[in-house]
Amino acid sequence: MTAGIHRPENIESRVLRVVQDVLALEELPRDLDVSIAAELALDSLDQLSLFMALEDEFGGRIREEDAEQIITLRDVVSYVRDRMSVARVE
Amino acid sequence: MTRRVVVTGLGVISAFGDDTEAFWKDCQAGRAAVAPVPERWHAFATLRSRLWAPLALPDFPAAFSRVECAQHDPVTLLACAAAAKALAGAGLETEVADRRANTLRVPGLDALRTGVFVGTGVGGVNAFMANHTYQVLAATRERCAALREQMGEPELRAEADALLERMAHGPRFNPFVVSMLMPNAPAAYVAIKHGLRGANAACAQACASGTVAVGQAFQAIAHGQVDAALAGGSEYLDDAHGSIFHGFDVCRALVRECDPPAAANRPFDAARSGFLFAQGGAAMLLLESAEHAAARGVEPICELAGFAHSFDAHSMMNPEPRGLAMEAMLRTLLAGAGLTARDVGYLNAHGTGTQSNDACEAQVVQRVFPDGVAVNSTKSLLGHTIGASGAIEAVVTALSLRDQCLHPSLNLSDPIADLDFVTRREARSFDHAISQSLAFGGHNAALLMARAR
């Protein structure tokens, strides 16, 4: 059953769970407007790790030229929702 | 002035699983690891050998973080898993150092005085092959899939589907591939994972890599460079298309007589036809100076009493037939410890099952040990794990000394030499043992171990 997996709130919570997992955070991040580089302290290799995990979770690709435009967690969620083509069945 | 070195912890990941004592029980029971190679491989090459020794892969996602699993070749994770077992076996607890990086510290060790030495024959070749496959096939397969959609004939579509299946590849070109494939990755990440900042070395002497790594760690401790070290070897030789297997097969190194499978792997037997390729494995030993172990109040499993190595300067893939460098190595090893051949009761041979290795090794053992020494081949149980084999056999030798018990060498019904081959589990009384490895390239390496005092 795939109906519902594109629901925005569903994608957001799944993205945040991946972020929590990759960053080993004790709680889900709550503020979507934090910068992944500055406030979440992800260097360029850490960002690659996050993007790989998102690709594994959602089955699509984050293109290198697009990755440079992803600044905040909200950008991450938007990119996954709008650009990653294949969503994994939950 | 050198210091005594003792072995206090052992970790093995093998075809028999990841529990060291269960591994040792399986060795003593003469369990054999052998199975047909993956059926899929036959689509890509005509293979002479059809058997391998599959590895019981640990549950990596349970033991490592999602990020670690994505960024490390199995050869590195295997080394880390074996290192964790060795530390635990030595009674050393770990605690979290960095939660995000999932790294640890070992409070019982001085990080700056603890080294890491890991051997591997080919390093992260699985990652290299997977990413190479992606680069070569991804765009081509996508175009072929599009052409397949334009095909009307069901038969053509079915054939296209079969070809597309053969062109399967992983999901991406991994941005971490360079750090995954480099042969120093296991040594580097074992040390990063456990926060160990002493001497660190990757050893690449093919089938002798694990033995050389343990030997270098021994020397570093004996000469006071470090007080403790994690040392061993790791190898992971699986790939989607069987290319690594094919490489060993095409040079006629692998078992050719495969029926029945259980009888195919027969080191030192007249009917041997090559070595049994192993999917992989790892073993790590925790070595300490005797004083360091005593200060911790830990009982040694055995003593590591010597290391010697030599080089054939003869052929990249065949031993020098007279074994002169191998013989010199063994005599140097004994002399360095002030022992004679009569002091050694057990020799864990390289014993691969190839014509040239076993013939050469057997005659050298006869020359160096004219009064006899018990000999077995751990590879007769596990197949050949290349860079891990020397470390796995060092573990076997340590446990043999501890328990005064030798595992059987399998399928040895018509021995090629009049040596004291062990063909069933035997209790023996002996104080010193040698584990030796002989490698492609011409490297010879041997460890001398002694019963714990």
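A salt bridge here is a side-chain nitrogen of Lys or Arg within 4 Å of a carboxyl oxygen of Asp or Glu. One example is the pair A:Asp66 and A:Arg83, whose side chains meet at 3.2 Å, N to O. A:Asp66 sits in helix α3 (residues 64–67) of chain A and A:Arg83 in helix α4 of chain A, so this pair ties together parts 17 residues apart in sequence.

Some ground rules before I go on. This is a predicted model: local features need pLDDT of at least 70, side-chain atom pairs count only at pLDDT 80 or more, and totals for chains, interfaces and linings use all residues. Residues are numbered from 1 along each chain as its sequence is written, chains are lettered from A and ligands numbered from 1 in the order in which they are written, and side-chain values use heavy atoms, with hydrogens and water left out.

Back to that pair. Is A:Asp66 buried or exposed? A:Asp66 counts as buried, at 11% relative accessibility. Buried means under 20% relative accessible area, exposed means over 50%, and partly exposed is in between (1.4 Å probe, protein chains only). A:Arg83 is partly exposed, at 45%.

A second salt bridge in chain A joins A:Arg63 and A:Glu65, at 3.6 Å, N to O. Both ends are partly exposed: A:Arg63 at 44%, A:Glu65 at 46%.

B:Asp431 pairs with B:Arg451, with the closest N and O atoms 3.7 Å apart. B:Asp431 is in the loop between β15 (426–427) and β16 (432–438) of chain B, and B:Arg451 is in strand β17 (residues 443–451) of chain B, so parts 20 residues apart in sequence are tied together. B:Asp431 is partly exposed at 43%, and B:Arg451 is partly exposed at 38%. Over all chains, the structure holds 37 salt bridges.

A word on those element names. Helices (H or I, at least four residues) and strands (E, at least two) are DSSP runs, numbered from the N terminus.

Now the interface. How many residues of chain A are in contact with chain B? There are 20, and they meet 12 residues of chain B. Contact means heavy atoms within 4.5 Å. The two chains bury about 1400 Å² between them, 48% of it on carbon and sulfur atoms. That buried area is the accessible area (1.4 Å probe) that two parts lose on being put together, summed over both. On the chain A side, A:Ala24, A:Met52 and A:Arg61 supply 36% of the area buried against chain B, more than any other three residues.

Five salt bridges cross this interface. One of them joins A:Asp21 and B:Arg66, at 3.1 Å, N to O.

The largest share, nine residues, comes from α2(A).

A:Val77 is in helix α4 (residues 73–83) of chain A, and A:Val77 is buried at 3%. Beyond its neighbours within four places in sequence, A:Val77 contacts A:Ile11, A:Glu12, A:Val15 and A:Leu32.

B:Ala79 is in helix α4 (residues 74–89) of chain B. B:Ala79 is buried, at 0%. Its contacts outside four places in sequence include B:Val118, B:Pro186 and B:Met284.

B:Asn348 lies in strand β11 (residues 344–348) of chain B. B:Asn348 is also buried at 0%. Its side chain makes polar contacts with the side chains of B:Tyr346, at 3.0 Å, and B:Thr378, at 2.9 Å.

Last stop: helix α9 (residues 209–222) of chain B. Its 14 residues reach 20 Å from first C-alpha to last, close to the 20 Å expected at 1.5 Å a residue. The expected span is 1.5 Å times one less than the number of residues. This helix is mostly covered, with 12 of its 14 residues buried. Among them are B:Val212, B:Phe218 and B:Ile221. Just after α9(B), B:Gly224 takes a positive phi of about 80 degrees.

How values were computed: Polar contact = N/O pair within 3.5 Å; in protein donor to acceptor, adjacent residues only side chain to side chain.
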